[in-house]
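Subject: Structure for your review

Dear colleague,

Please find below the structure that I am handing over to you. My notes on what was found in it follow.

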Amino acid sequence: MKELEHALSQHCGVHDWRFRRVFRREHQLYLTGAVKENTREVTSDTTRVTVYHDHPGRGAASFTLLPGDRNLEKRVNWAVLAAGMVSNPPHGLPAPAPYPQVQLVDAALATRAAGVIGDLADTLVETVAAEQDVYLASAELFAGYEEVEFANSRGATGSYAATDLFLEFVITARSGASEAETYHSARRRATSLLDIREEAREQARAARDTLAAGLPEGGIFPVVVAGRELSSLFAPFLFQLDAQNHYRKISRIQLGESVFGEREVTGDPLTLCSDSLFAWGNSSAPFDREGLPGRSLVLVQAGRARALLATQQYAEYLGVTPTGTSGCTVVQAGPWPARELEQQARFLLTSFSSLQVDPITGNFAGEIRLGYDLSGADPVPVKGGSIAGNVFEALAGARYSREQHFTGGFQGPRAVFLPATRVSGR
Amino acid sequence: MDHEILTSRLLEIVDDLNQKLPYAYALVTSDCGLNVTFSPRQQAVSEDPPSRGAVLVAYDGQSFGEVATADLSPGGLWTAARRLASLGLGPGPVKVAHHLPLRGSYTNEVEIDPATVPLEDKIDLARQLCEQGRALDQRVVDCQALYAESQRETLYVGPGRVLYQRLHHARAGVTLIVSNGRTTAYDYEFSQKRGGFEAARLQDDQWPRLAANALALLDAEKVPPGEYDVIASPQVAGLIAHEAFGHGVELDMFVKGRAKAAAYLGKRVGSELVDLYDDPTYPGGPGSYFFDDEGQPASRTTILKAGMFLQGLSDLYSWDRLGGQRTANGRRESYARKTYARMSNTFFGPGPHSLEEMIACTKHGVYLGRFQSGMEDPKGWGVQCICLWGREILDGQLTGRYFSPVALTGYVPDLLSSVSMVAGDLELFPGGCGKGHKETVMVGLGGPHLKLKARLG
């Protein structure tokens, strides 16, 4: 890195620079059924370099160094040339600042990753085998350890280490000749945050329910959305509260105003934070990609936009505080017991093929993988069909459960009640 | 990468590994690219974060061991080889060890190699696209123009086989964001041809279409949920081909018991009008290659013929487990990820009808124009296709009524059996394909216009 810093500092066309080096090692284990299909070990080492050139606007260009790369001077010359061909208004880089401490390293994952994922795989196989009428179709377990190093031309420097664990598995339920499966994935920074036994049992139950599920009735209904994909409903707020998108004039949310525009808010007030210091958060870090210190930031308070997520560049353009890129999404829970919300809903939707949420328009749509029709005395499993709507309309009337869950990148209510949702079905 | 130097290094290592292990090979992947983006208030140029590394693979007939490293020096590769030999694989035997010897070096032909074009010309191209888009209408609030080029080099060194390929492409695209003060909407167009720098252009007819669609979406409605006569554009037909049937016939899913299609081999699953192919040799196809990541030479697979399911897509593992014909579909995201059975260019074959005929005979239906995303469900044989927009068809004509977004869902055999008309206008589009929710590889997907019945919401 000394050679890189020297090359950047000495080049007359480089007016500012920053780099971020990530060294990573990962162990991967794949199961087909309960049998090991593949064991992998991977190491990588990348250094992303951004060069700024003033002329008189400011241009920037980025390149990446990999192990064994030679011709550093040639790469820097290319970046200076490229930066000279694009022009944005002048802006600075983050100054040196004390970086906070964040809990990101699980000692077991850092030191004996292969053993940890092997143990987790054994637990998964054992737990599924103990469940009735199901079998494990496949599983993938990854354990990673990485070291991040950062520096910029203003003298800001920092480093940290982090671990991560990724798990996905598929459980199939069988009844006679009929089969149905559930897919589950989770990403965490520490093994203690993952109760693999409970997750496997829950998925086994879901697989058995999927086997019995039919098409939901179509129409417009109150629904409760719960589960892993609930967090994606909040993605448009993060996009619209990003300073870059304000600067591009593609955000419709104004600071100080309701994030729902002129719509009447009939639901619980929305309070949403971005927290880079959230312990064990998948997006938590002492500093962001540009070297701004991590922080906890209230973006939306009681339904009103309070702050923008702003990198140094866009903070300077808009005259707002630089906050860095987004961290863990934290949504304030509501006052309602989840059961009470379910009692007022026609459907409880727990799993989607993939809930697609458009950050620009706020439109969402997704095929229902598993849900429950709550209109009778007992919940009846449903699958197929889809839901569609717009988050700015839907969440204006939303009610949030008081029970919370943490999914690695999201902390918030476990269930959200949406009063009028379009359901496509029979 | 200097593939000749690497070849000599890896030949020695692979030979050594094959003396100690039942079957071993090496694969080097090197990805790089360039992105230039221009919008009225923002300009950027950067290399795509490149990836370069080697994976040494051993197989004992039951399971694989792999060690992947970014260190391509002799020391780095030998260290990886020693680590692989110590992973404790079994003695075999492995039937693949006896495949035919082959040597070759290949590159896809383009008119203008992007590497020979000055950076300034690429930046100018993006700037012009941005200005052209911005001038389309006063309601344009942002127009993001993109010039992108990518190159993947792959070196396979296995017993008796040394194969190298370089695949490079360039493309251009424009996303137009419009607002009427109350609503924001957008649509996009990408270059329709595949190739080198010469292909990175928008055709003249794409500009008015882009503006018309984006502006119409300002007043788009939600489609009333229900079952409709649907006309799928070549783009949406491609999404259906990919999500509805392509993923479901990736044979590693058969090994895992995750595909309902396993029970339908040799049986009818669609109407007689439906032919479906996977073809990595498709000229200029976004997912084309000369050999797959397990050293299997590319060839075309007929998946469905006249609605009958004939053949799935295999990687080494699934072929070894299931037997049958080995197809060239073992693909990796990069050296850092494992191989799975993956699609290449997957598309419906052309038919005898025309779009005009399809619209004319539709009393009430929806024309689905632009795909946004899709998700497979091979076990349930369900499908999710999210379209950015659809247009109403009433009494044999397109009306001005737009729906956005539109989710198409259904049971795959029902969907394919309902295909009643197939046009002759086959087109292929690029797409990023995941296996589940990760493992992205570039694929081609497409087809001609199709008329079918589907549930929309």
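What percentage of the 426 residues of chain A count as buried? The share is 52%, where a residue is buried if 20 or more other C-beta atoms lie within 10 Å of its own, exposed if 12 or fewer, and partly exposed in between, with C-beta atoms placed from the backbone.

Before the details, a note on conventions. This is a predicted model, in which local features need pLDDT of at least 70 and side-chain atom pairs count only at pLDDT 80 or more, while totals for chains, interfaces and linings use all residues. Residues are numbered from 1 along each chain as its sequence is written, and chains are lettered from A and ligands numbered from 1 in the order in which they are written.

Chain A as a whole

Chain A contains ten helices and 20 strands; helices (H or I, at least four residues) and strands (E, at least two) are DSSP runs, numbered from the N terminus. Its C-alpha atoms fill a box of roughly 75 × 55 × 35 Å along the principal axes. Of the contacts in chain A with a separation of 6 or more, 72% are between residues 24 or more positions apart; two residues are in contact if their C-beta atoms, placed from the backbone, lie within 7 Å.

Two packed helices are described by the angle between their axes and the distance between the axes. In chain A, the axes of helix α4 (residues 113-130) and helix α5 (residues 196-211) come within 9 Å and cross at roughly 35 degrees. Here, axes are lines fitted to C-alpha atoms, for helices over the stretch in contact, and angles run from 0 to 180 degrees between N-to-C directions. On the α4(A) side, A:Leu120, A:Thr123, A:Leu124, A:Thr127 and A:Val128 take part, and they meet A:Ile196, A:Arg197, A:Ala200, A:Arg201 and A:Ala204 in α5(A). The residues of this contact divide into six nonpolar, two polar and two charged. In this count, Ala, Val, Leu, Ile, Met, Phe, Trp, Tyr, Cys and Pro are nonpolar, Asp, Glu, Lys and Arg are charged, and the others, Gly among them, are polar.

Chain A also has an open sheet of six strands in the order β10-β9-β8-β11-β19-β18, with mixed pairing; two strands pair if DSSP finds at least two bridges between them. Its edge strands, β10 (304-305) and β18 (404-406), each pair on one side only. Strand β9 (residues 296-301) and β10(A) pair in the antiparallel sense over two bridges, and A:Gln301 has A:Arg304 in β10(A) as its bridge partner.

Where the chains meet

In the interface, 60 residues of chain A are in contact with 62 residues of chain B. The side of chain B that touches chain A divides into 25 nonpolar, 22 polar and 15 charged residues. Strand β2 (residues 35-54) of chain A and strand β4 (residues 64-69) of chain B run parallel and are joined by six bridges. A:Thr39 has B:Gly65 in β4(B) as its bridge partner.

Chain B

An open sheet of six strands in chain B has the order β12-β11-β10-β15-β22-β21, with mixed pairing. Its edge strands are β12 and β21 (427-435), each pairing on one side only. Eight bridges connect β21(B) with strand β22 (residues 438-447) of chain B in the antiparallel sense, and B:Pro430 has B:Gly444 in β22(B) as its bridge partner.

Strand β23 (residues 450-456) of chain B is largely enclosed by the rest of the structure, because six of its seven residues are buried. Seven bridges join β23(B) to strand β9 (residues 226-232) of chain B, and the two run antiparallel; B:Tyr228 stands opposite B:Ala454 in β23(B).

Finally, B:Leu310 lies in the loop between β12 (308-309) and α7 (316-322) of chain B. B:Leu310 counts as partly exposed because it has 15 C-beta neighbours inside 10 Å.

Yours sincerely
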